Amino acid sequence: MRQVLALATALLMVAGGLLASAPAVAQPAKGEIVIGVQCDRTGATQIVGVVLCPGTHDYIALVNSKGGVEGHKIKALEIDHEYKVPPSIEAYERHKKDGAVSIMVYGTPHIYALAAKLTEDRIPGTSPGFGSAAAADGQRYPYIFPIAATYWSQAAAAVDYAKKQLGGSLKGKKIAYIFYDNPAGREPLPVLEELQKLEGFEMRTFAVPPPGVEMGAQVLDIAQRYRADFVISHLFGRSPSVAIKELKRVGFSLKKVVGFVWGAAEADVEAAGGYGVAEGYSALQFAGVGDDYPVIKEIKEMYKKEGKPEPKEMKESVYYNRGVFLAAIHVEAIRNALKAKPDGKITGVDTKAGFEKIKNFTLGGLVPPIEITPTDHEGGGLVQVWQVSGGKWVKRTDWFRAYPEVVAKVIKEAK
């Protein structure tokens with residue numbers, strides 16, 4: 001799949017200057033700046049979309065309540081693609097027609113399907129915490145922006161966390177990797193295999209077929225046959241809650257489990273049976289948890305001034321906060337683009353350049369310091385580990401990244 005992606009992108013960048021002659025779509029004359037928002041509120045990952053997407057809209061509303069960006073209002077056009085690729089492609093075409101200068105892509109299969117189109121049309125698309133990890137290389141994938149820790153950076157961080165939990169050495173230890181059996185689930189394997197050789201651990205993989213709600217056999221194998229020393233879990237949708245319940249049922253210590261970023265929300269814990277059931281479970285985060293951040297307080301104040309209650313989605317802070325972050329980094333790219341073109345007549349080319357000027361972006365501590373450059377579209381790849389403890393999510397680490405040299409090697413060698 002990655003070979004096809006790279007080839008398609010390369011072909012679109014050459015062939016007699018095809019891109020140089022292709023006109024990028026300009027903004028509507030009324031002065032609004034359009035962002036295309038893809039979402040899943042009704043499909044397999046609706047547990048994410050019904051919270052993340054409202055966070056995105058609330059941040060845009062906050063920006064517009066202050067007069068917009070450089071005097072231009074932002075219009076976020078959302079389309080629900082139900083986590084299906086054909087509707088995602090249709091949504092992209094509609095957003096392009098409406099003059100979107102950037103696209104919030106939603107889903108790993110979807111960013112793979114849209115990569116060539118984004119490059120051909122010169123419209124930047126974001127894939128925070130998912131998608132093609134090789135797209136961190138901005139030279140090879142100029143219009144794809146992971147903007148948060150990719151699955152390769154997450155894999156490295158998970159191994160590093162396991163190493164620390166197991167006393168500082170993984171030599172001879174048994175690591176179980178349980179994953180949703182689709183392209184997203186298989187994406188981390190190159191880094192995990194490199195780290196297996198480097199650290200000397202044994203690894204066995206356990207695939208969970210879609211829709212990911214039946215994994216009793218895999219969990220039993222992990223706990224009682226393989227007898228894993230640690231579990232790295234890469235599941236999403238309803239799957240993380242099932243894994244927590246099943247691991248608990250067979251008596252495996254959840255203190256020896258770390259989940260990737262899409263198995264890290266309040267909803268996952270609640271669906272597993274509550275915080276008592278999930279006690280000890282850890283997961284990676286690329287944005288902060290809770291509401292003790294200036295930008296979240298500003299959104300609360302905005303609702304208060306409007307005489308409205310706080311949005312219910314705000315209580316599901318993991319995905320809500322990510323939605324706020326996603327909107328904010330698009331707005332920051334647009335702000336940079338508008339500073340270069342104050343007349344507001346920006347295109348995707350300008351927004352791409354705007355993304356690549358983002359530096360030390362933290363959103364008041366909600367996210368790690370992010371720096372995006374023409375060569376690095378990931379922005380640093382930092383995460384935190386949070387753990388279920390005493391009835392809530394508790395931060396266990398500061399922002400960190402792990403094995404950057406291994407991740408860089410895999411990126412360089414990706415085909």
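Analyst: One begins with the elements: helices and strands here are DSSP runs, numbered from the N terminus. The model is predicted. Rolling a probe the size of a water molecule over the atoms shows where empty space is left.

User: How many cavities of 30 Å³ or more does the count give?

Analyst: The count comes to 3 such cavities. About 220 Å³ of space lies in the largest cavity. Its lining comprises 20 residues, with Val48, Tyr106, Gly107, Phe130 and Trp262 nearest the centre. Strand 1 (33–39) and helix 3 (46–65) are the elements that each give two or more residues to this lining.

User: Which element gives the most to the lining of the largest cavity, and how do its lining residues divide by class?

Analyst: Helix 3 gives the most, with 4 residues. By class, the lining of the largest cavity holds 15 nonpolar, 5 polar and no charged residues.

User: What is the volume of the second largest cavity, and which residues are closest to its centre?

Analyst: The second largest cavity holds about 60 Å³ of space. Ile147, Ala148, Pro368, Ile370 and Leu382 are the closest to its centre, out of 13 lining residues. Its lining has 9 nonpolar, 3 polar and 1 charged residues.

User: How is the largest pocket to be read?

Analyst: A pocket, unlike a cavity, is an open set of points. The largest pocket contains about 290 Å³ of space. It is lined by 17 residues, of which Asp376, Glu378, Arg401, Val407 and Ile411 are closest to the centre. Helix 6 (151–165) and helix 16 (404–413) each give two or more residues to this lining, and helix 16 supplies the largest share, 4 residues. The lining of the largest pocket has 9 nonpolar, 4 polar and 4 charged residues.

Technical notes: Residues are numbered from 1 along each chain as its sequence is written. This is a predicted model: local features need pLDDT of at least 70, side-chain atom pairs count only at pLDDT 80 or more; totals for chains, interfaces and linings use all residues. Side-chain values use heavy atoms; hydrogens and water are left out. On a 1 Å grid over the protein atoms alone, a cavity is a set of points where a 1.4 Å probe fits but cannot get out, and a pocket is an open set with protein on both sides within 12 Å along at least five of seven lines; lining residues have an atom within 4 Å of a point. Grid points are joined across faces, edges and corners, and a volume is the space filled by probe spheres set on the points. Ala, Val, Leu, Ile, Met, Phe, Trp, Tyr, Cys and Pro count as nonpolar, Asp, Glu, Lys and Arg as charged, and the others, Gly among them, as polar.
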